[in-house]
Amino acid sequence: MAAEEIRADETVDVTHLVCPNTFVKTKVVLDGLDEGQILAVRLNDGEPVQNVPRSLKEEGHEVLRLDPNDDGTFTLYVKKVGD
Amino acid sequence: MALSDEQIERYSRHILLKEIGAKGQKKLLEAKVLVIGAGGLGCPVGLYLAAAGVGTIGVADADTVDLSNLQRQIAHTTADIGKPKVQSLKESMEAINPDVTVHAYQKFIDSSNIRELIREYDFIVDGTDNFAAKFLINDACVMEKKPFSHAGILRFQGQLMTYIPGQGPCYRCVFKDMPPKDAIPTCRQAGVIGAMAGVIGSLQAMETVKFITGTGTLLVGQLLTYDGINQSFRKIKLPPCDGKCAICGEHPTITELRDYEQPACELRL
């Protein structure tokens with residue numbers, strides 16, 4: 001069953017970065033969004049997929065979904081919570 | 001202002017902190033801090049603030065680097081002996097982080113120039129080594145409504161407190177006036193362990209970063225003391241201003257700054 005499409009307000013690609021800069025870059029972009037807006041983060045499999053969503057949750061943001069892409073990367077949808 | 005990729009990487013360990021984040025880092029980059037004294041305290045303060053990306057940092061000191069300074073004034077090197085301390089410190093700060101602007105003031109800070117100087121800055125750090133300068137900085141900051149970090153070190157002991165206008169007692173509320181001359185240690189007694197400057201200066205840098213980013217609790221109305229012999233910290237709650245303080249009270253008797261006489265032996269606190 002095809003999942004419902006999520007419309008992101010902003011996208012960021014962190015596939016060229018390593019820990020902890022994957023999360024750092026994500027945080028910086030998220031910082032520029034308004035509460036309730038959605039950010040799509042393109043990240044690599046492995047450590048980024050494990051750590052970035054967890055770190056976002058720890059900071060109180062709402063992780064909506066993690067979708068696999070055709071090229072082996074993932075797209076993470078996160079909704080900004082709080083200012 | 002958007003952070004560049006290089007800035008994001010340089011300040012990543014700040015941005016990672018929930019309490020700082022990109023917003024806090026931008027505040028640091030936009031902040032202006034004046035460090036008075038480029039010695040034992042001023043060196044670690046200057047280095048940490050530069051490393052932290054405090055965008056504009058002023059350093060003021062009239063002295064030149066002396067061999068006896070190097071045991072504790074860690075921004076100066078042996079090759080800097082004879083050089084103005086502010087120049088040596090500025091070079092060290094810029095070597096750590098070319099992202100920051102350092103203004104070097106090689107002059108004595110006294111009652112004639114301090115108010116004009118501190119007016120340009122958001123936060124003042126007292127890194128001086130004598131009571132006359134400490135009262136001068138306090139009184140000027142109260143008059144100009146500037147927050148500042150006080151600190152002093154001697155032998156194996158150090159102390160610091162933070163003044164925020166309208167939020168707590170000032171240095172003069174606590175210490176009233178210059179100590180009598182026979183109560184000030186003579187030169188021979190006035191040794192100091194080098195790392196004490198690092199401990200207390202780093203705590204001043206911590207207060208500064210927290211003030212700029214609005215993080216946590218500051219040492220307002222509290223004196224933090226550190227005893228290096230016993231490795232013990234104490235936080236002493238200070239009484240609030242009783243309204244009778246000569247500078248920050250309801251009817252201040254000090255309406256103009258004055259320069260106190262320094263004891264002849266030039267002790268280094």
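**View 1. What covers helix α5 of chain B?** A residue counts as buried here if 20 or more other C-beta atoms lie within 10 Å of its own. Keep that in mind for this predicted model. Helix α5 of chain B spans residues 85–96, so to speak a run of 12 residues, and its first and last C-alpha are 17 Å apart, close to the 16 Å expected at 1.5 Å a residue. Its buried residues are B:Lys85, B:Val86, B:Ser88, B:Leu89, B:Lys90, B:Ser92 and B:Met93. Among the things covering them are α4, β2 and β3 of chain B.

**View 2. Here's the open sheet of chain B, with 8 strands.** Follow the strands in the order β3-β2-β1-β4-β5-β6-β7-β8, and you'll find mixed pairing. β3 (101–105) and β8 (232–237) of chain B stand at the edges, and each has a single partner strand, so one side of each has no neighbour in the sheet. From one strand to the next, the twist averages 15 degrees.

**View 3. Two helices lie across strands of chain B.** Helix α4 (residues 42–52) of chain B lies across β1 (32–36), β2 (56–60) and β4 of that chain, and runs at about 165 degrees to β2(B). Helix α9 (residues 194–213) of chain B lies across β1, β4, β5, β6 (157–163) and β7 (222–227) of chain B, running at about 170 degrees to β5(B).

**View 4. Zoom in on B:Ile124 and its contacts.** Strand β4 (residues 123–126) of chain B runs parallel to strand β5 (residues 148–154) of chain B, and 2 bridges join them. Opposite B:Ile124 stands B:Phe148 in β5(B). Setting aside neighbours within four places in sequence, B:Ile124 is in contact with B:Leu34, B:Ile36, B:Ile118, B:Ile137, B:Cys141, B:Lys146 and B:Phe148. B:Ile124 is also one of the residues with the most contacts inside the largest nonpolar core, which has 65 residues. B:Val33, B:Leu34 and B:Leu49 are others on that list. A second, separate core has 20 residues, including A:Val14, A:Leu30, B:Leu3 and B:Ala22.

**View 5. Helix α1 of chain A is mostly covered.**

**View 6. Chains A and B touch.** Chain A brings 9 residues to the contact and chain B brings 10 residues. On chain A's side, that's 4 nonpolar, 1 polar and 4 charged residues.

Note on methods:
Residues numbered from 1 in each chain as written. Chains lettered and ligands numbered in written order. Predicted model: local features only at pLDDT ≥ 70, side-chain atom pairs only at ≥ 80, totals over all residues. Contact = placed C-beta atoms within 7 Å. Nonpolar A, V, L, I, M, F, W, Y, C, P; charged D, E, K, R; others polar. Core = buried A, V, L, I, M, F, W, Y, C linked by C-beta atoms within 7 Å. Buried ≥ 20, exposed ≤ 12 C-beta atoms within 10 Å, placed from the backbone. Pairing = 2+ DSSP bridges. Helix = DSSP H or I, 4+ residues; strand = E, 2+ residues; numbered from the N terminus. Axes fitted to C-alpha atoms, helices over the stretch in contact; angles between N-to-C directions. Expected span 1.5 Å × (residues − 1).
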